[in-house]
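Subject: Handover of the structure and what was found in it

Dear colleague,

Please find the sequence and the structure below, followed by notes on what was found. I would be glad if you read them with the structure open beside you.

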Amino acid sequence: MPVPFVFRLRDRFGPVQVGNVWGDSGVTGYIAVCEADRCGWSSEYSSYAAACIAARNHRCRIPQH
Ligand SMILES: [Zn+2]
């Protein structure tokens, strides 16, 4: 069964985007995703603040341009 998943960007910290995760019943959580190619870091949180802190603290191993 496919899980409804919609990412909506809310904030950005360097290469990391923080957004809402939308499901059937509205916002179901928050996710921080690094957009650097080949990094692949992402993490889900139940609170927006936690997602922002994680995004700020992400030390990307991919060189930024
Ligand atoms: Zn990264």
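Before the details, one definition is needed for burial: a residue is called buried if 20 or more other C-beta atoms lie within 10 Å of its own, exposed if 12 or fewer do, and partly exposed in between, with the C-beta atoms placed from the backbone. Helices (H or I, at least four residues) and strands (E, at least two) are DSSP runs numbered from the N terminus. Please keep in mind that this is a predicted model, in which local features need pLDDT of at least 70 and side-chain atom pairs count only at pLDDT 80 or more, while totals for chains, interfaces and linings use all residues. Residues are numbered from 1 along each chain as its sequence is written.

Overall layout

The secondary structure of the protein comes to 1 helix and 4 strands, and along the sequence these follow the pattern β-β-β-β-α. The C-alpha atoms fill a box of roughly 40 × 25 × 15 Å, taken along the principal axes, and of the 65 residues of the protein 17% count as buried. Two residues are taken to be in contact if their C-beta atoms, placed from the backbone, lie within 7 Å; of the contacts with a separation of 6 or more, 23% come from residues 24 or more positions apart.

The sheet

Two strands are said to pair if DSSP finds at least two bridges between them. The 4 strands form an open sheet in the order β1-β2-β3-β4, and the pairing is antiparallel. Because β1 and β4 stand at the edges, each with a single partner strand, one side of each is left without a neighbour in the sheet. Neighbouring strands of this sheet are turned by 25 degrees against each other on average, direction ignored, where the axes are lines fitted to C-alpha atoms (for helices over the stretch in contact) and angles run from 0 to 180 degrees between N-to-C directions.

Taking the pairs in turn, β1 and β2 are joined by 7 bridges, and they form a hairpin with 2 residues between them, where glycine 14 in the turn has a positive phi of about 60 degrees. Within this pair, phenylalanine 13 has valine 16 of β2 as its bridge partner, and aspartate 11 has valine 18 of β2. Between β2 and β3, which run antiparallel, there are 8 bridges, and these two strands also form a hairpin with 2 residues between them. Here glycine 19 stands opposite isoleucine 31 in β3, and asparagine 20 stands opposite tyrosine 30 in β3. β3 and β4 pair in the antiparallel sense over 4 bridges, with isoleucine 31 opposite glutamate 44 in β4.

The loop between β3 and β4 holds arginine 38, which has a positive phi of about 75 degrees although it is not a glycine. Most residues other than glycine have a negative phi. Arginine 38 counts as exposed, because 7 other C-beta atoms lie within 10 Å.

The helix and the core

Which residues of helix α1 (residues 48-57) are buried? They are Ala51, Ala54 and Ala55. Seen down the axis of α1, these buried residues fall within an arc of 100 degrees, so they line one face of the helix; the arc is that of the directions from the helix axis to the C-beta atoms. On the other side of α1, Ala49, Arg56 and Asn57 are exposed. The buried residues of α1 pack against β1 (6-13), β2 (16-23), β3 (26-34) and β4 (42-45).

Alanine 51 is buried, because 27 other C-beta atoms lie within 10 Å. Leaving aside its neighbours within four places in sequence, alanine 51 is in contact with Val18, Tyr30, Ile31, Ala32 and Tyr45.

A nonpolar core is a set of buried Ala, Val, Leu, Ile, Met, Phe, Trp, Tyr and Cys residues joined through C-beta atoms within 7 Å. The largest one has 10 residues in all, among them Val16, Val18, Ile31, Cys34 and Ala51. Two or more residues each come from β2, β3 and α1, and β3 gives the most, with 5 residues.

With best regards
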